[in-house]
Amino acid sequence: MSGPARPLAARFRAALADDGVITGGGRVLVSLSGGPDSTVLLHLLRFTPGLPPLEVHAAHLDHRMRPGSADDAHWVKGLAHAWEVPLVSRAVGRPPANETEARRARYRFLEEARGETGCDWVVTAHHADDQAETVAYRMLRGTGLAGLAGIPRTREPGLYRPLLPFWKRELAHYASASRLRYRTDPSNRSPDVPRNVVRRELLPLAEERVAPGARRALLRLARLAGEERRLWRAVMPTLLAGLVVRRTEEDVSFSRDAFLQCDSLVRARLIRTLAAEAGAHLDARATDLASAFVRSGRSGRSIDLPGGVVLSRAFERLVVSRPATAIDGTSAPDHARYVAVPVPGEGAAEGRSGGAAFLARWSTRGPVGGEGLSIPALRFPILFRGWRPGDRIRLAAGTRKLKKVFGEARVPRPARARRPVVADSGGRILWVPGVARSIEARPAAHDAILYVGVDLDVATD
């Protein structure tokens with residue numbers, strides 16, 4: 001027999017050999033929920049004949065998100081004992097608020113358990129249906145190329161998904177033929193979970209009414225997107241070499257002239273790659289902001305990027321500075337998150353400065369409890385961000401360093417880091433809430449006005 005007609009265990013053994021991830025004498029940790037997929041995975045690793053010698057462990061996290069989860073944990077302990085598999089089992093202290101928090105908690109736990117057990121790999125039971133659903137879900141949310149590539153077969157520092165080539169129906173047939181018992185999670189049927197809607201409604205309807213092979217087509221799309229990503233990784237070193245990139249412990253710099261000679265799509269990819277080296281992961285809007293600054297920002301100017309990273313221009317070189325340690329001792333990714341207003345309009349968004357959350361508000365319709373700025377005098381995007389040493393503000397008495405302005409206003413040093421400022425893309429500080437208002441961008445008669453406001457110390461729990 002060959003192909004899908006071969007027994008699943010034989011195809012699983014061949015897939016492991018082709019991957020070459022797990023070798024003889026290795027130690028693996030199975031993420032075991034007690035559901036059908038993870039139970040099948042544990043059974044395959046524990047009892048498939050002809051596998052390389054493996055030391056198999058299991059790990060179970062009780063998220064405490066639904067009644068009966070403690071019973072699942074108890075059942076998993078019994079299964080691991082019966083199959084002679086060492087188990088790490090824990091329950092969270094506070095139930096996660098949603099599926100995203102639960103997933104993050106689970107992967108943190110699995111990595112901790114991998115370290116405790118000395119395992120080489122955490123293995124999870126994601127299968128081909130999961131891959132198709134993930135690609136469809138990300139498409140509907142407007143993902144980029146990385147999202148279309150779907151779930152990776154392996155991921156650092158030690159995550160492996162050996163069931164990705166196999167469909168759920170194959171796993172179900174194996175479980176039935178092997179007379180495996182497992183637990184059923186009722187939340188997998190909840191219509192309140194978006195992925196369940198994709199799995200149980202959208203994809204079946206697509207295969208019935210639009211394309212009979214929709215799931216397989218989504219897998220093909222994931223494969224093609226993955227090939228495109230590998231292509232970019234292959235050519236990126238050559239592209240970066242043309243930018244004369246220089247790296248230090250503090251920053252990454254590159255030639256502005258060489259950068260501007262590239263095609264605009266290539267520039268977007270390059271700026272994201274260089275920002276990632278410095279700790280910033282740019283979405284589409286942040287990429288556009290960075291690209292616009294590269295084209296028009298004057299020497300000596302800078303803008304904030306996500307993660308507390310700063311993009312600045314020093315003559316004909318552009319510099320991406322890595323996050324520094326904040327005054328309160330926190331690192332910049334948790335310490336700072338700016339809010340950008342790309343064009344006049346209405347909105348609100350949460351940012352962070354000095355480890356404290358703030359709520360930024362803006363409107364062209366009327367006051368929002370702060371100041372009014374003359375739209376014709378502004379250089380968009382407008383930024384709500386943490387202050388940096390060297391920032392200056394233009395007052396009626398002249399231009400002053402913010403450090404001195406804070407001192408004269410008797411703002412304690414730790415409080416300065418937590419207080420955001422409002423600046424435009426030219427680097428001008430326009431307003432420090434509760435401290436100072438610049439004379440720049442003050443509205444004149446008949447000017448269109450952008451009203452800005454800030455709520456400090458916003459709770460994030």
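Helices (H or I, at least four residues) and strands (E, at least two) are DSSP runs, numbered from the N terminus. With that in hand, here's a first stop: Pro157 sits in the loop between strand S5 (154-155) and strand S6 (159-160). What you're looking at is a predicted model, where local features need pLDDT of at least 70 and side-chain atom pairs count only at pLDDT 80 or more, while totals for chains, interfaces and linings use all residues. Residues are numbered from 1 along each chain as its sequence is written, and side-chain values use heavy atoms, with hydrogens and water left out.

- Let's start with strand S2 (residues 54-62): seven of its nine residues are buried (under 20% relative accessible area, with a 1.4 Å probe and protein chains only), so S2 is largely enclosed by the rest of the structure.
- On one hand, S2 is joined to strand S1 (residues 26-31) by six bridges, and the two run parallel; two strands count as paired if DSSP finds at least two bridges between them.
- Gly26 has Leu54 of S2 as its bridge partner.
- S2 is also joined to strand S3 (residues 87-91), through five bridges and again in parallel.
- Here His60 stands opposite Ser89 in S3.
- The chain gets from S2 to S3 by way of helix H3 (residues 69-82), in a right-handed β-α-β crossover.
- Right-handed means that, with the strands pointing away from the viewer, the path from the first strand over the helix to the second runs clockwise.
- S1, helix H2 (residues 36-47) and S2 make a right-handed β-α-β unit too.

**The five-stranded open sheet**

- In general, strands of a sheet pair through backbone hydrogen bonds, either parallel or antiparallel.
- Five strands line up here as S7-S8-S11-S10-S9, forming an open sheet with antiparallel pairing.
- Its edges are strand S7 (246-247) and strand S9 (302-305), each of which pairs on one side only.
- Strand S8 (residues 251-255) and strand S11 (residues 317-321) run antiparallel and share five bridges.
- Within that pair, Val252 stands opposite Val320 in S11.
- Helix H11 packs on this sheet and touches S7, S8 and S11 (contact means heavy atoms within 4.5 Å).
- The direction of H11 makes about 155° with that of S8; axes are lines fitted to C-alpha atoms, for helices over the stretch in contact, and angles run from 0 to 180 degrees between N-to-C directions.

**Helices H11 and H12**

- Helix H11 (residues 264-277) also packs with helix H12 (residues 284-296), at an angle of about 105° and with their axes 10 Å apart.
- That makes H11 roughly perpendicular to H12 (65 to 115 degrees; under 35 is roughly parallel, over 145 roughly antiparallel and the rest oblique).
- H11 brings Arg267, Ala268, Ile271 and Arg272 to the contact, while H12 brings Thr287, Ala290, Ser291, Val294 and Arg295.
- Sorted by class, the contact has four nonpolar, two polar and three charged residues.
- For those classes, Ala, Val, Leu, Ile, Met, Phe, Trp, Tyr, Cys and Pro count as nonpolar, Asp, Glu, Lys and Arg as charged, and the others, Gly among them, as polar.

**Strand S17 and its partners**

- Strand S17 (residues 382-386) is mostly covered, with five of its five residues buried.
- Three bridges tie S17 to strand S13 (residues 339-341), and the two run antiparallel.
- In that pairing, Val339 has Phe384 of S17 as its bridge partner.
- S17 also runs antiparallel to strand S20 (residues 420-423), with four bridges between them.

- Glu84 isn't a glycine, yet has a positive phi of about 55°.
- You'll find Glu84 in the loop between H3 and S3, and at 62% relative accessibility Glu84 counts as exposed (over 50%; partly exposed lies between buried and exposed).
- Arg410 isn't a glycine either, and has a positive phi of about 60°.
- Arg410 belongs to the loop between helix H14 (402-408) and H15, and counts as exposed at 75% relative accessibility.
- Arg413 is in helix H15 (residues 413-418) and is exposed as well, with a relative accessible area of 54%.
- The C-alpha atoms of Arg413 and Gly50 are 65 Å apart, and the two residues are 363 residues apart along the chain.
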